[in-house]
Amino acid sequence: MIQEIKARIHNVQEVEQKLLQNGAKVTDQTYFIDTYFHQPKGKVLKIVEKNKGTFLNIFQGVDGKFEVVKDEQIDNTEKLKTNLTAQYGIKRTMKGSRKFFQFKNYQIILNLIDNVGNFIIVTGENPTKEFVENELDIEKPEYITVSFEEVGS
């Protein structure tokens, strides 16, 4: 099962430089609008609008990480957004940019969220804090164990 671990970072340029120096390859860069819908604690339901299309994401919190339950491209964005809004209500809308890297067996995402902060997300099979701290050389990361829509600035 694909999981993700995430942490707040304070020096995006330094983290990006370390990634590139260690052999990470940039695979994509995009601006995004994420619309989060009210869900029970530990579950995330959101629509992600980005350059390459619109996606429905569902995540489930497990032991301080998030498992990817669903990540699929959708066509009728406005109809789905209207239906999900009617069913659950919008919890929060967030905008920003993401830069994607491939490093070892992981996808690394620098997630820069307007008016919230800058984060790194490590996605793959069982990402660990040791990987973030040792392999990515990030000192004293502030791990985030809740969905981004619950994070303050």
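Does D34, at 1% relative accessibility, count as buried or exposed? D34 counts as buried, because its relative accessibility is 1%; buried means under 20% relative accessible area, exposed over 50%, and partly exposed in between (1.4 Å probe, protein chains only).

1. Basis of the note. The model is predicted: local features need pLDDT of at least 70 and side-chain atom pairs count only at pLDDT 80 or more, while totals for chains, interfaces and linings use all residues. Residues are numbered from 1 along each chain as its sequence is written, and side-chain values use heavy atoms, with hydrogens and water left out.

2. The partner of D34. The side chains of D34 and K46 form a salt bridge at 3.4 Å, N to O, the term meaning a side-chain nitrogen of Lys or Arg within 4 Å of a carboxyl oxygen of Asp or Glu. D34 belongs to strand β2 and K46 to strand β3, twelve residues apart; helices (H or I, at least four residues) and strands (E, at least two) are DSSP runs, numbered from the N terminus. K46 is buried as well, with a relative accessible area of 7%.

3. Other salt bridges. By the rule above, the count comes to twelve salt bridges. One of them joins the side chains of E142 and R8 at 3.5 Å, N to O. This pair links distant parts of the chain, with E142 in strand β9 (residues 142–144) and R8 in strand β1, 134 residues apart. E142 counts as partly exposed because its relative accessibility is 39%, whereas R8 is buried at 14%. The side chains of K99 and E16 also meet in a salt bridge, at 2.5 Å, N to O. Here strand β6 supplies K99 and helix α1 supplies E16, the two being 83 residues apart. Both K99 and E16 are buried.

4. Helix α1. The buried residues of α1 are V12, V15, E16, K18 and L19. Seen down the helix axis, they fall within an arc of 160°, so they line one face of α1; the arc is that of the directions from the helix axis to the C-beta atoms. The face turned away from the buried side carries the exposed residues Q13 and Q21. An α-helix has 3.6 residues a turn, so residues three or four places apart point the same way. The buried residues of α1 pack against β1, β6, β7 and β8, through contacts, meaning heavy atoms within 4.5 Å. After α1 comes G23, with a positive phi near 105°.

5. Helix α2. In α2, which spans residues 77–87, T77, K81 and L84 are buried. Viewed down the axis of α2, the buried residues fall within an arc of 70°, so they line one face of the helix. On the other side, K79, T82, A86 and Q87 are exposed. The cover over the buried residues of α2 includes β2 (25–37), β3 (43–50), β4 (53–62) and β5 (65–74). G89 follows α2 and has a positive phi, near 85°.

6. Nonpolar cores. A nonpolar core is a set of buried Ala, Val, Leu, Ile, Met, Phe, Trp, Tyr and Cys residues joined through side-chain atoms within 4.5 Å. The largest such core has 19 residues, and those with the most contacts inside it are I108, I120, V122 and L136. Two or more residues come from each of β1 (2–9), α1 (12–21), β6 (90–103), β7 (106–113), β8 (117–125) and α3 (129–135). A second, separate core of 15 residues includes F32, M94, V116 and V151.

7. F119. This residue lies in strand β8 and counts as buried because its relative accessibility is 0%. The C-alpha atoms of F119 and I144 are 8.9 Å apart, although 25 residues separate them along the chain.

8. K65. Which side chain of opposite charge is nearest to K65? That side chain is E130, 7.6 Å away, and K65 is buried yet has no salt bridge; Lys and Arg count as positive and Asp and Glu as negative, while His and the chain ends are not counted. K65 is placed in strand β5, and its side chain reaches the backbone oxygen of P127 at 2.6 Å.

Notes:
Polar contact = N/O pair within 3.5 Å; in protein donor to acceptor, adjacent residues only side chain to side chain.
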